[in-house]
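Colleague: Please take a close look at the aromatic rings in this model. Go on to whatever packs around them.

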Amino acid sequence: MSQSEPPGGIFGLSYDGETRAFEALKLVSTAIIVLVGAWPIYWMTQLAFTEYETVEDAVTVFPTPEIFTVSNFTVLTDPEMYTYMFNTVVVAIGTIVTVVIVSLVAGYGLARLDFPQKENFARILLIGYLFSPIVIGIPLYQIWRSIGLLGTRIGLIIALSAVSMPFAVWLMWKYIMTIPEAHEEAAWVDGASRWRGFRDVVVPQCRPAIIAAALFAFALAWNDFTFAQILLPQTDTTTFAPGILRAMGQAQFLPDAYLMAISLAMTLPPLLFAYFMQSYLLKGFQVRAL
Amino acid sequence: MASETGESIRPRGTYIPWDELPVERETVVGVGTVLPVVVLYTLIAVFPIAFAFWASLHDIHTLNPEWEWVGFANYAEVLNISTFWGSLWRGIVYMVGSTLLQLAVGLWMALVLNRITRGQKLLTAVVFTAYLIPTIIVSLVALRVFDPLGGVFQMMGAEWFGLWSSQTAPLGSRDWAMRLLILIGSWKFAVFVTIFTLAQLRAIPDRFYEAAKVCGANRWQMFRDITLPRLMGIVLVVVLLRSIFMFNKFDIIWQLTQGGPGNATTTLPVLAYKTVYTDQAYGLANAISVVMFLFLLASAIVYFKLFNPSEEVETTT
């Protein structure tokens, strides 16, 4: 705080005035965020609960009782849609598990063990991000075909895990560095092996970073369009994003209200994830270095 | 690291044959921990990239597995195809435009979310959801609200603000397609910035602000001298990542406009995809992607030289 600046608020406002201005600004900002952030989700929800004939003909704002319906959600039990969503869930869970396990072990190695070139190793990992998924996807099609992973969910899980890996490894590495090594040393003194120390001391303390890495992997898997489009050419193993595009191309008529019902079903898991995990999540992302 | 006597207290465990090797045991275990990463990374990055580079030296028809060696002819052709420079330019516009917008909006959202008292958890969840829902859903909703037949944003733009005529599909108009792509992409990805900066904001101890208040600092001074320096490190990293991701973005552009109208939203990834599947020129497409990579690599090196995000960060950790 420099001495030359006058005490009090900005623009010559008094403290009280400044506080009032700040509160007002905060309120307006919150309103805008609510509007911009929640509005598309609201719009999706209201269309999902409105009769599809009405949605096709007119602009609706709220599903009033005469046009309210839950019948749009019957599209979820359509075998095709069900398969797409089931595949997406399997791929997302598979990716999360792989990413968390591999990045925890690697993060521990980078943080606690000394081996040559480890910083450079971590830097080189990030170069992978310089290649567009579309660029990696096309050669991967050939590689997966020759080793028999093409069209399998495992193939997509491996691809997506590898893509979220560099970032997750960075996250774990930096997070484990913030845990004092003394905690493990205490365990070692008591005769624990390195593995025991890792399992019983480090992993429990890593919970926020695990959740953050899991969320990153989840977002990637849940979002993915490019890899799934290229690597899962058959319909029965494909995930939601390319599946729905193909369904839209083939179906004579797939009403918007149905699409919104499906979209809502795919939005709920992330919303719940974000609501219940956010404090851990934010703690996990408190690493400053990349 | 070591106990006070200077002797390592790290556990050594039982004898394994590795101990005979001329390298430290710790090196072996350390390399072992990153081995799965190396294997995955080799499969998904090193092989495909090497493959792409090798393919870029050949003339390949997409549906025909004959590879004809042409050396660097594809690269000469890349620089000559009329759409290349335009696509590069549009890619830069998209990258810079959306990164700046996302940075501004993301930071602002984080600052507000950090300060509101009521409904904070719910609003944070709603904001985060934007980043977590599948891109395809964002596209579907966007296509619907900008549709001339009953799209509510299309209607507002036409009737309230007179931005376009009521028959125009804004996503199919030369003037609006790129701007809307930037806006829609930013709606989703600004949250990435928010998550990281909000995490940093939560990590600043309240006593810093209390101390500043006692010293008579106003809110702007507190922001400038406490908040901003603590955010700088992560902001530099996030800007780097977002720029790379936006430059490489394919899915949302393809889903919304397929690069059209004309070439108005064709960025380099879209051009590469079109070259593979429309022009059936697999070798040429790989040359485009290698050029893209080189461009990003050069930009990233310049960025590191200018700002050095990792060093910035190390000093504050």
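Modeller: Contact here means heavy atoms within 4.5 Å. By that cut-off, residues 24 or more positions apart account for 62% of the contacts in chain B with a separation of 6 or more. This is a predicted model, where local features need pLDDT of at least 70, side-chain atom pairs count only at pLDDT 80 or more, and totals for chains, interfaces and linings use all residues. Residues are numbered from 1 along each chain as its sequence is written, chains are lettered from A and ligands numbered from 1 in the order written, and side-chain values use heavy atoms, without hydrogens and water.

Now the rings. The whole structure holds 29 aromatic pairs over all chains (Phe, Tyr or Trp rings, six-membered for Trp, with centres within 6.5 Å; planes under 30 degrees apart are stacked, over 60 edge-to-face, the rest tilted). Take A:F167 and B:F196: their ring centres are 5.8 Å apart and their planes stand at 85 degrees, so this pair is edge-to-face. The pair crosses between chains. A:F167 sits in helix α6 (residues 153–177) of chain A, and B:F196 in helix α7 (residues 177–202) of chain B. Helices are DSSP runs of H or I with at least four residues, strands runs of E with at least two, numbered from the N terminus. Both A:F167 and B:F196 are buried (under 20% relative accessible area; over 50% is exposed, in between partly exposed; 1.4 Å probe, protein chains only).

The pair belongs to a cluster. Ring pairs join A:F167, A:F216 and A:F285 with B:Y131, B:F189, B:F192, B:F196 and B:F245. Look at A:F285. Beyond four places in sequence, A:F285 contacts A:F167, A:L171, A:A212 and A:L215, plus B:I195, B:F196, B:A199 and B:Q200.

A:F285 also figures in the largest nonpolar core (buried Ala, Val, Leu, Ile, Met, Phe, Trp, Tyr and Cys joined through side-chain atoms within 4.5 Å). That core has 197 residues, and those with the most contacts inside it are A:L140, A:F227, A:L231, A:F285, B:F128, B:Y131 and B:I184. Its largest share, 17 residues, comes from α6(A).

The charged end of A:K174 is 4.2 Å from the ring centre of A:W173. B:R115 lies over the face of B:Y209, 5.6 Å from the ring centre.

In α4 (residues 118–127), A:F121 is buried, together with A:K118, A:A122 and A:L125. Down the axis of α4(A), these buried residues fall within an arc of 95 degrees, so they line one face of the helix; the arc uses directions from the helix axis to the C-beta atoms. Their cover includes α3 and α6 of chain A, together with α1 (25–56) of chain B.

Helix α7 (residues 182–189) of chain A buries A:W188, along with A:E184, A:E185 and A:A187. Their arc is within 160 degrees, so they too line one face of α7(A). They pack against α3 (79–112) and α8 (194–205) of chain A. A:G191 follows α7(A), with a positive phi near 95 degrees.

For context, chain B has 13 helices and two strands. Of its 317 residues, 52% count as buried.

Terms used. Lys NZ or Arg CZ within 6 Å of the ring centre and 35° of its normal.
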